[in-house]
Structures are given as structure tokens and as C-alpha cells.
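Let's walk through this model together. Keep the picture open while you read.

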Amino acid sequence: MQPRNMSMSGVVDLAAVKAAGEAKAKAEQARAESARQGGPAAVPASSLVFDVDEAGFESDVLQRSAEVPVVIDFWAEWCEPCKQLGPLLERLAQEYNGRFVLAKVDVDANQMLMQQFGIQGIPAVFAVVAGQALPLFQGAAPEAQIRETLDQLIQVGEERFGLTGIVVDRDAAAPEGARGPAPVPAGPYDALLEAAAQALDANDFAGAVQAYKNVLSDEPANSEAKLGLAQAELLARVQKTDPQQVRKDAAENPADVPAQLAAADLDLVGGHVEDAFGRLVETVRRTFGDDRDRVRVRLLELFEVIGPDDPRVGAARTALARVLF
């Protein structure tokens, strides 16, 4: 799976953002001033991750992007994939040690920002570099490919705008409003779940599937393992597919169940959740017997990937009920 919109060449201006040249000049001026004063001031490690809202977007994101790339994680409390992606991005922000900072935007509380960035589904990740917005990816993505995207982002910041990041003081106290990853209480399956997550990040999808199944064999209701298993199985299916051929086969053969299942998988990993659900609901309507049951089961598996509280899952469940009954 490739993150959506990975190309760094299509920089998009935001309506309220200053020109890139002006932002670059401001960044260069700030660096020159810092050098005259004996070097850049260090910031606390905990300030690498912070919440941002519409009122603070100008100062917390746009102005800060003149010094360091700002990655923006658009999330919501009801979004199950967000609960997997968010902690991963927070951990990477700490690991990259000032090469980028992470801004967290709760879309339920900041609808205007969501509209301004043209976001159709979450999780969605953007970056702002020297006052300009870059779409990074939408939906689920393995850690290795997220790292690749971040490396490209950092390279763009350095080569186009001369941004070399910020200096981090790991002993400094956190400023008010900044936050680091929230501590998570240990549980009986933490080691197994961590092993499964590491396998997933390493693209060892078979290993991740087995590890999540090991948890579910003892605790069938474990929500984290159910979500992880659904994600691992999805990524395993799309890992070796040819996206163009899959799309071609699905378009040419609407009644071909395997073709529609494969296309729905690609829809979902690309962030096109409603397209994936709609495709499979329509395929259920067209099929009978074992084929219909196969498609229905796959749709339920994709519901697990998105999470039961997502309104798109509720709408698709209603549509599925209509065609079944």
C-alpha cells in the first residue's frame, strides 16, 4: 500500500497563507538572528506534539512552519484508525527529534480547518512547510511507508526552504498546552499486542495476523486485537496486487466477486471508505448463495477496520440490511 498523494511536487497554497518566498525569507532571517545570538534556542521534547484549533492555527502552525515542517494529524475520538495512527505519529515526532513537529486537530471541534484542507475522511495527514500545505496520506499506512513520507517531507523542507528543524532539550519542562504521548496502563496482552504491532509495522502481515489471533483466541472481545487483525488481513491482501489491473478488472467485470473484493480493499486503504462500502453493498445485491455470503463477510471485516462508531459504518450497515432483507 502506498500513502495517498505522496508526491511532494504538488504544493497547494492555502487561502490564508503568505507566499512561499516571504515565508522562506522570514525563516532565513530568523536563522540569521539566532546565529548572531549564539545558536537556536532549544525547545522541550514535549512541545514536539501539541493540540491546535482554529484560533491558534496561524501562530501554532503557519508561523511555526517557517522554522520546521509541521505535520498535521486530523483525527476524531470516534475514529478507530485514528487511535492507531495518532500514537504512532506522536512516537515518530519524538524519534525524529525536532526534524518536524506534530499538530493534532480534532475535526469535530474544528470543522472550518477540515473544510479548508478539503478532507473527505479521517485519519488524514497533511504538512505545512514555509506556509504551504502538502497532502501526505489519508487512511491506514504501515510505519515504514509513513517514515518514507516523513523523510521526503524533511528533504523538501531542507532543499526548497532551508528548514533544518529545531533543537530539542530533553531536560526542559514542557510549555503549557504542549503534550506528549499519553501513558497507557499495562494489560495482560500488552506484550502480544506490541509484538503484533511491530510485525505490522515491519510489513510482516502474516506474523501480525497470527499474533492478533493469539490474543483473540483467549479474549475474543479484545477490541484492539480485532481492529489490528482486520488491518493486518487487509494489508496482506493488497500487498502484492497491481492496483491498475485490479481497477481494470473491477470496471470490466461488475459481476466478478473476486475483482470487486480486491477493488474494495484498494478503495479502503486509499481512504475512499464510502466507495469501498458502496461497492460491496452493490455486489451483495447482485449475488446469491455462497458468493453473497463471501461479500457480506468481507464487508463486515472492513467495518472492523474503520470502527463501529464511524457514521459511514452505520450508513453501510443500513444499506446492507436493505439489500439482504
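Start with helix H8 (residues 223-238) and helix H10 (residues 257-269), whose axes come within 10 Å and cross at roughly 115°. Helices here are DSSP runs of H or I with at least four residues, strands are E runs of at least two, and both are numbered from the N terminus. Axes are lines fitted to C-alpha atoms, for helices over the stretch in contact, with angles from 0 to 180 degrees between N-to-C directions. Leu234, Leu235, Arg237 and Val238 in H8 meet Asp265, Leu266, Leu268 and Val269 in H10, where contact means heavy atoms within 4.5 Å.

This is a predicted model: local features need pLDDT of at least 70, side-chain atom pairs count only at 80 or more, and totals for chains, interfaces and linings use all residues. Residues are numbered from 1 along each chain as its sequence is written, and side-chain values use heavy atoms, leaving out hydrogens and water.

Now the open sheet: its five strands run in the order E2-E4-E3-E5-E6, with mixed pairing. E2 (49-51) and E6 (132-138) are the edges, each with a single partner strand, so one side of each has no neighbour in the sheet. E3 (residues 70-75) and E5 (residues 124-129) pair antiparallel over five bridges; pairing takes at least two DSSP bridges.

The chain's pLDDT (the predictor's confidence in each residue, from 0 to 100) averages 79.

| Stretch | pLDDT |
|---|---|
| residues 1-28 | below 50 |
| residues 173-178 | under 50 |
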